[in-house]
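Notebook open. Today I am looking up salt bridges. I start from the structure shown here.

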Amino acid sequence: LAIRNQGHLTVEGQRRFSKLFGNLHVHLESASHFEGYEDVNLVSNIKNAEGKYIGLYGKHVEEFHSDLSW
C-alpha cells in the first residue's frame with residue numbers, strides 16, 4: 001500500500017491503516033524491509049550516497065508493482 005504526501009503518517013500509523021484491508025504479509029525481498037519491520041517494505045526512487053536505489057525500486061520494481069492482488 002503506497003500513500004503519497006503523507007509525511008505526518010508514521011510507520012505504525014500506516015501499518016494500522018493497512019491492516020484495515022487484511023493481514024500484512026512478509027515480503028521475500030528482505031533487503032527492502034523498513035528497518036525494524038518485516039511487514040513494511042520500502043519502495044523508493046531515491047538513491048543513497050553510493051548511487052544505489054534504496055528499497056525495491058531498481059531491483060525488480062519499476063514505478064508500479066502489485067503483489068497478492070486478485
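The model is predicted, so local features need pLDDT of at least 70, side-chain atom pairs count only at pLDDT 80 or more, and totals for chains, interfaces and linings use all residues. Residues are numbered from 1 along each chain as its sequence is written, and side-chain values use heavy atoms, with hydrogens and water left out.

Entry 1. How many salt bridges does the rule give? I found two.

Entry 2. I looked up Asp39. Asp39 forms a salt bridge with Arg15, and their closest N and O atoms are 2.7 Å apart. Asp39 sits in the loop between α1 and β1 (43–47), while Arg15 is in helix α1, so this pair ties together parts 24 residues apart in sequence. I noted how such elements are set: helices (H or I, at least four residues) and strands (E, at least two) are DSSP runs, numbered from the N terminus.

Entry 3. I turned to Glu12. The side chains of Glu12 and Arg15 also meet in a salt bridge, at 3.3 Å from N to O. Both lie in helix α1 (residues 11–18), three residues apart, about one turn of the helix.

Entry 4. Is Arg15 buried or exposed? I used these cut-offs: buried is under 20% relative accessible area, exposed is over 50%, and partly exposed is in between (1.4 Å probe, protein chains only). Arg15 counts as buried, at 16%. Glu12 is partly exposed at 32%, and Asp39 is partly exposed at 21%.

Entry 5. I put the pairs together: Glu12, Arg15 and Asp39 are linked in a network of salt bridges.

Note on methods
A salt bridge is a side-chain nitrogen of Lys or Arg within 4 Å of a carboxyl oxygen of Asp or Glu.
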